[in-house]
Amino acid sequence: MDSPAVEIVDLVKRYGRTTAVDGLTLTAAAGEVTAILGPNGAGKTSTIEICEGFRKPDGGTVRVLGLDPGHRDLRAKVGIMLQAGGVWPATRAGEWLRTTARFYASPLDPDALLERLGLTAHARTPYRRLSGGQQQRLSLAGAVIGRPELVFLDEPTAGLDPQARHACWDLVGELRACGVSVVLTTHFMDEAERLADHVVIIDRGVIVAEGSPAALTGAERQLRFSARPGLNLDELLRALPDGSAAKESPAGHYIVEGVVGPELLATVTAWCAAEGVTINDFGVERRTLEDVFLELTGRELR
Ligand SMILES: Nc1ncnc2c1ncn2[C@@H]1O[C@H](COP(=O)(O)OP(=O)(O)OP(=O)(O)O)[C@@H](O)[C@H]1O
C-alpha cells in the first residue's frame, strides 16, 4: 500500500487558553479525497494550516508525503488553497497565475485553467477587484497549477455560485482520477458525500466519527414526509409498530424511523388520511451525512 499522503498523530494546537486541536489522530490515504467536517471553530483550519506548514503545533507529529510540514521538498509537490487571501491585492489575476506557474517544472497551462474556471474575462482584473467567488476560483487555480501530488483545499466552494461549485467538483474529481491526494474542509455535507472517499468529522479539536460517506450514513432507511406543522406525533407513534420513532425537524418535515417496510408506510398514510392531513413529499431514504453530522455535533450555534 502507498504510504499515506498525510499522517497526523496526537496533534495539539493551543492559542492562549483555547485548545483548538486536542490530540487529533488522522490519516489521509494517498490518491483519495479526504474531507474534514466540523462546526465553526472545531479546529479544521488549524489542523490543515499545520499540515501546510503555516502554523506550528504544540504537540504531536505531522507528516506530509512522509516529510515534516513546510519542508522545502514539499513546495513542488503540494498545492494549497487558503480559506482567504494569499494573493497580493494589486496583482492581476492572469499575471498572478502565470507567475505562480513559473515556480513549477511542469505546470498546467494558466490560460486554459483560467478558461476552465471561468476567469478568462477577468484575467486583467486586479485581485482586489475580483468578486469573492472569483477570488476563490483563482485561489483554486493556484493550488492545482503545479500538478501537485497532494492538494489542501480549505472550504474550496464557500461563496461560489452553483456553476462554479460544479466546476470545482469536476476539478476535484479529475485530480482524484489522476491519483492526486486531496484533503479538503467543507461545511457542505452534500459536497463531502459527493467528493470524499473518507470523511472525518471533528468537534472541539477531536475526531467524533470517520469513515466513508456510506459507512457513516449506514444502511438504515427512514421515512420522510412533509405536511402541515404540529402533527400529534405521540398519536402517530401509538399507531406505529413497536420500536418506531418519529420526529418533526424542521417544522412541517417529519422523519419516521424503525423497520421501514410496507406495514409502517401503510400505517403512516392511513393515519394521515384519518386525520385529514395532506402529505406533500413522501419518500424512503437513507440518513444523510447532515443527519449524522447534526446528531454528533448537536444543534447549538458555535
Ligand atoms: N490565530 C488564532 N488566535 C487565537 N485563536 C484562534 C486562532 N485561530 C483559531 N483560533 C481559535 O481556535 C479554534 C479553532 O479555530 P479554527 O479556525 O481551526 O476552526 P475551524 O474548524 O476552521 O472553524 P471555521 O469552520 O469557522 O473555519 C477557535 O476557537 C478559534 O477561535
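Helix 2 passes helix 4 in a right-handed crossing, a term that applies when the near helix is turned clockwise from the far one by less than a right angle, the anticlockwise case being left-handed. The model is predicted, so local features need pLDDT of at least 70 and side-chain atom pairs count only at pLDDT 80 or more, while totals for chains, interfaces and linings use all residues. Residues are numbered from 1 along each chain as its sequence is written. Helices (H or I, at least four residues) and strands (E, at least two) are DSSP runs, numbered from the N terminus.

**Helix 2 and helix 4**
- The axes of helix 2 (residues 93-101) and helix 4 (residues 132-144) come within 9 Å and cross at roughly 15°, where axes are lines fitted to C-alpha atoms over the stretch in contact and angles run from 0 to 180 degrees between N-to-C directions.
- Helix 2 and helix 4 are therefore roughly parallel to each other, a description kept for angles under 35 degrees, with over 145 being roughly antiparallel, 65 to 115 roughly perpendicular and the rest oblique.
- On the helix 2 side, Ala93, Leu97 and Thr100 meet Leu138, Ala141 and Gly142 of helix 4, contact being defined as C-beta atoms, placed from the backbone, that lie within 7 Å.

**Helix 10**
- Leu289, Val292 and Phe293 are buried in helix 10 (residues 289-297), and a residue is buried if 20 or more other C-beta atoms lie within 10 Å of its own, exposed if 12 or fewer, and partly exposed in between.
- These residues cover an arc of only 100° around the axis, which puts them on the same side of helix 10; the arc is that of the directions from the helix axis to the C-beta atoms.
- The buried residues of helix 10 pack against strand 3 (33-37), helix 6 (189-195), strand 8 (198-203) and helix 7 (213-217).

- In the order 11-12-10-13, 4 strands form an open sheet with antiparallel pairing, and two strands pair if DSSP finds at least two bridges between them.
- Strand 11 (245-248) and strand 13 (282-286) stand at the edges, each with a single partner strand, so one side of each has no neighbour in the sheet.

**Backbone details**
- Most residues other than glycine have a negative phi, and most peptide bonds are trans.
- Leu65, although not a glycine, has a positive phi of about 50°, and this residue is buried, with 20 other C-beta atoms within 10 Å.
- The peptide bond from Ser249 to Pro250 is cis, with omega near -10°, and Pro250 is placed in the loop between strand 11 and strand 12.

Technical notes: Two residues are in contact if their C-beta atoms, placed from the backbone, lie within 7 Å.
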